[in-house]
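Work through the following exercises with the sequence and the model open side by side. Each task is followed by a solution that goes step by step.

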Amino acid sequence: MTNQQRIFLSPPHMSGNEQKYINQAFETNWIAPLGPNVDSFEQELAEYVGTKGAAAVSSGTAAIHLALELLGVQKGDRVFCSTFTFVASANPILYLGAEPVFIDSEPETWNMSPVALAKAFTDAKKEGKLPKAVIVVNLYGQSAKMDEIVSLCEKYNVPIIEDAAESLGSLYKGKKSGTFGKFGIYSFNGNKIITTSGGGMLVSDDEEALQKARFLATQARDPAPHYQHSQIGYNYRLSNILAGVGRAQLEVLDNRVSARRKIFDRYVTALGSIEGIEFMPELEGTISNRWLSTLLIDPEILSVTPYEMINALAEENIEARPLWKPLHLQPLFKESQLYSHSEDLVTSEDLFKKGLCLPSGSNMQKESQDRVIRVIEQQINRKMLVN
Ligand SMILES: *Cc1c(COP(=O)(O)O)cnc(C)c1O
């Protein structure tokens, strides 16, 4: 073990302006899950991504739950969802007693395969059971193939929920990631590109639906002088203090994107030409926020597995992680169906086997990144010599 300072995967990076908005909340005593910071954060985020509105909630997961609810997803309904993602994308499907059907990734974006999606739609149509919604995830900042996915969903008239928890600030053909579906969701969890420590946002051009989301997120209280409720509600609104943190973070979002892209580029410059290493691609016409720098290691060429690499980094007090384990491989979803991109290979499983995430914080110093690069190079060289 080393006594060097720990390098985290994606730590919070405050701008210094957060305290100003927090102080305003304290001075005006808006210490509640509503108030001026919440309203402003909603407006400012909607303006930034280019939607008509936004509803601030307590987490990205809550935003997905509300989106599904607003689309009328009920017990027994089907929802298509990317398999290569964090469990939060699909947990809300289970909250509603609905049935997830997982869609594999394709190699150019690592995200939802339009080929697999088309197969799933064809089958569902035959069975007379189309999904109520499709949850498309944009992993590590990379947009999915939205043109193809949107046109398939339009063909079957099924609404999209875009899980842009990891892709805030990314662009697909000039339009902000998270704005291609009926609903989009963002997360401000501690590890995301901007953070409120915990929080989320639901965006849409349907302001009536967003108003309904706010209603559901405050226990679905009917208009009446007493407390009157006629449907299930939730306690999902964002605190006015945390919304203040979000406002200051949003001001520096574009800086954070360029910092993360620089980090990615430095990794590629140092390691990209090594045979057996392949970085996450960037689809033509898209700009990724490069939330996490991710790469694939071919153990056959390099004689080192991603797990060995992660352990070697851990010994130097550096945090690295495998890629998301596909949801269809999770015990929680063992009953769920998967539509694969190709007959002979499940792309998401292949990515999971070969991939890892490197430290990518926008506040990571050059010297720290050099430390990460050195450990990777050493590990590869050592293995090559032995073999
Ligand atoms: C972080 C994340 C979420 C959930 O966001 P929370 O704010 O943590 O609830 C959902 N989907 C993906 C892909 C994520 O990375």
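**Exercise 1. Find the residue that stands opposite Pro-322, and place it in its sheet.**

Pro-322 stands opposite Leu-356 in S15, where strands (E, at least two residues) and helices (H or I, at least four residues) are DSSP runs numbered from the N terminus. The model is predicted, so that local features need pLDDT of at least 70 and side-chain atom pairs count only at pLDDT 80 or more, while totals for chains, interfaces and linings use all residues. Residues are numbered from 1 along each chain as its sequence is written, and side-chain values use heavy atoms, with hydrogens and water left out.

Next, take the pairing: S13 and strand S15 (residues 355-358) run antiparallel and are joined by 2 bridges, two strands being paired if DSSP finds at least two bridges between them. They belong to an open sheet of 4 strands, ordered S10-S12-S15-S13 with antiparallel pairing. Strand S10 (277-279) and strand S13 (321-322) are its edge strands, each pairing on one side only.

**Exercise 2. Decide how the axes of helices H5 and H6 cross.**

The axes of H5 (residues 114-126) and H6 (residues 146-156) come within 10 Å and cross at roughly 10°. This makes H5 roughly parallel to H6, since angles under 35 degrees count as roughly parallel, over 145 as roughly antiparallel, 65 to 115 as roughly perpendicular and the rest as oblique. Among the residues that meet are Leu-117 and Phe-121 in H5 and Ile-149 and Leu-152 in H6.

**Exercise 3. How many disulfides does a search of the whole structure find?**

The search finds 0, a disulfide being a pair of cysteine sulfur atoms within 2.5 Å. For Cys-81, the closest cysteine sulfur, in Cys-153, is 12 Å away and therefore too far for a bond. For Cys-357, the closest is that of Cys-81, at 18 Å, again too far. Cys-357 is buried, with a relative accessible area of 3%; buried means under 20%, exposed over 50% and partly exposed in between (1.4 Å probe, protein chains only).

Notes. Axes are lines fitted to C-alpha atoms, for helices over the stretch in contact, and angles run from 0 to 180 degrees between N-to-C directions. Contact means heavy atoms within 4.5 Å.
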